[in-house]
Amino acid sequence: LDRVESQMSLNSCTSFLEIGPGFGATMHLIEQNYPLIRKYLLVDIVPNIYVVSEYLRNIYGDAVVDYRVTCKSQSISFDQNADLEIIVIPPWKLAMVDENFDYCWNSNSFVEMRNDSLEFYSDQLARLSKVNTKYAVLTYDRFDTETTLDPEAMIQLLASLPPLGEFRFDRLFESARQNLYFLGQNGETDPTL
């Protein structure tokens, strides 16, 4: 999070979309460190949406809106207030989201998806974006093309997004390996601006 922040800040953001939140650790860290961000949309597959919903509900209580609430919704949006709201949905509900986001985040799951899934997410992220929406796509080196995408191929499949600049950082506990960060912003060609 610090490395991404050093290149493209979350400080001015009020809404955050994460594809593949796992159990919710990134969202939890962001909520603790960026008090302006009050609206979160988390998208994951079943059964992960249950795990993330329950983990976050244990911390944030009624601020979590889970799939039991949104399953029959034809439109998904936030309340127009400054209250914390965390909506957790499966991918097929993403097309029903009627919001625009300041920051879109993915850590290590785009690289593990099929091409058609990435194209779907690329189109949806573009639809849910606005002027100056920021994007962070994190992945790792030493990928195995039998099970994961080459990070460059992954970025090409995200064609609906603005150009994403590549940053490499050594891993904290494995200096021989690197984490790759692809960062970009609508209306900008240089994500450090």
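How many nonpolar, polar and charged residues does the lining of the largest pocket have? The lining has eight nonpolar, five polar and two charged residues. Here Ala, Val, Leu, Ile, Met, Phe, Trp, Tyr, Cys and Pro count as nonpolar, Asp, Glu, Lys and Arg as charged, and the others, Gly among them, as polar.

## Model and confidence

This is a predicted model: local features need pLDDT of at least 70, side-chain atom pairs count only at pLDDT 80 or more, and totals for chains, interfaces and linings use all residues. Residues are numbered from 1 along each chain as its sequence is written, and side-chain values use heavy atoms, with hydrogens and water left out.

The protein averages a pLDDT (the predictor's confidence in each residue, from 0 to 100) of 91, and 97% of the residues score at least 70. Over residues 189-193 the pLDDT is below 50. This stretch has 10 contacts (heavy atoms within 4.5 Å) beyond near neighbours in sequence. Where pLDDT is low, the predicted coordinates should not be read in detail.

## Helix α2

Helices (H or I, at least four residues) and strands (E, at least two) are DSSP runs, numbered from the N terminus. Helix α2 spans residues 25-33. Its residues Met-27, His-28, Ile-30 and Glu-31 are buried. Buried means under 20% relative accessible area, exposed over 50%, and partly exposed in between, with a 1.4 Å probe and protein chains only.

Seen down the axis of α2, the buried residues fall within an arc of 165 degrees, so they line one face of the helix. The arc is that of the directions from the helix axis to the C-beta atoms. These buried residues pack against β1 (15-19), β2 (39-43), α3 (48-60) and β4 (85-89).

## The largest pocket

A pocket is an open set of points on a 1 Å grid over the protein atoms alone, where a 1.4 Å probe fits, with protein on both sides within 12 Å along at least five of seven lines; lining residues have an atom within 4 Å of a point. The largest pocket holds about 410 Å³ of space. Of its 15 lining residues, Leu-1, Asn-108, Leu-138, Asn-179 and Tyr-181 lie nearest its centre. At least two lining residues come from each of α2, β5 (103-107), β6 (134-140) and β8 (178-185).

## Backbone in the loops

Asn-108 sits in the loop between β5 and α5. Its phi is near 65 degrees, a positive value in a residue other than glycine. Asn-108 is partly exposed, at 32% relative accessibility.

Pro-47 lies in the loop between β2 and α3. The peptide bond from Val-46 to Pro-47 is cis, with omega near 10 degrees.

Conventions: Grid points are joined across faces, edges and corners, and a volume is the space filled by probe spheres set on the points.
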